[in-house]
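Here's a quick briefing to read with the model open on your screen. Take a look at the chain first, then work through the notes by topic.

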Amino acid sequence: MLYTQPTSGISDSEHHIFRAGSARYIGPPTEAWEAERIEWVPFTDIRRLIDKRDLVSGTGMNALLYVLTEV
């Protein structure tokens, strides 16, 4: 598990990131505000997407870098 405070000093928001061994698509978001776009991305593409700045969200970046350091 990874713990992060994405806006420390500004808010007390706490994010807990858990790593799963697998995942499966179960359907589209149930709330319109959940995501603008969802797609499966091969693990091997993560570094390229970070380098292109296609992935920039603080908590998402923390999670991806956490996974990349474990491989």
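A salt bridge here is a side-chain nitrogen of Lys or Arg within 4 Å of a carboxyl oxygen of Asp or Glu. By that rule, the side chains of Asp54 and Lys52 meet in one, at 3.2 Å from N to O. A search of the whole structure turns up three salt bridges. Keep in mind that this is a predicted model, so local features need pLDDT of at least 70 and side-chain atom pairs count only at pLDDT 80 or more, while totals for chains, interfaces and linings use all residues. Residues are numbered from 1 along each chain as its sequence is written, and side-chain values use heavy atoms, leaving out hydrogens and water.

**Overall layout**

- The protein chain has two helices and two strands, and its pattern along the sequence reads β-β-α-α.
- Helices (H or I, at least four residues) and strands (E, at least two) are DSSP runs, numbered from the N terminus.
- Taken along the principal axes, the C-alpha atoms fill a box of roughly 35 × 30 × 25 Å.
- Look at contacts between residues at least 6 apart in sequence, and 33% of them join residues at least 24 apart; contact means heavy atoms within 4.5 Å.

**Surface and burial**

- Of the 71 residues in the protein chain, 11% count as buried.
- Buried means under 20% relative accessible area, exposed means over 50%, and partly exposed is in between (1.4 Å probe, protein chains only).
- The accessible surface of the protein chain comes to about 6200 Å², and 54% of that belongs to carbon and sulfur atoms.
- Accessible areas come from the Shrake-Rupley method with a 1.4 Å probe, and for residues only the protein chains shown count as cover.
- Met1, Tyr3 and Phe18 form a nonpolar patch on the surface, with about 370 Å² of accessible area together.
- Patches are made of residues with over 30% relative accessible area and no salt bridge; like charges are joined within 9 Å, and nonpolar side chains (Val, Leu, Ile, Met, Phe, Trp, Tyr) within 5 Å.
- Met1 sits in the segment before strand E1 (2–4), and Met1 counts as exposed because its relative accessibility is 56%.

**Salt bridges and charge**

- Asp45 lies in the loop between strand E2 (15–17) and helix H1 (46–51), and its side chain meets that of Arg48 in a salt bridge (3.5 Å, N to O).
- Both partners are partly exposed: Asp45 has a relative accessible area of 22%, and Arg48 is at 40% relative accessibility.
- Arg47 and Asp51 also pair up through their side chains, at 3.0 Å from N to O. These two are four residues apart in helix H1, so about one helical turn separates them.
- Arg47 counts as exposed, at 54% relative accessibility.
- Back at the Asp54–Lys52 bridge, Asp54 is partly exposed, with a relative accessible area of 45%.
- The mean positions of the 7 positive and 10 negative charges of the protein chain are 9 Å apart.
- For that count, Lys and Arg are positive and Asp and Glu negative, with His and the chain ends not counted; each charge is placed at NZ of Lys, CZ of Arg, CG of Asp or CD of Glu.

**Loop between the helices**

- Arg53 lies in the loop between H1 and helix H2 (58–70).
- Phi of Arg53 is near 65°, a positive value in a residue other than glycine.
- Arg53 counts as exposed, with 69% relative accessibility.
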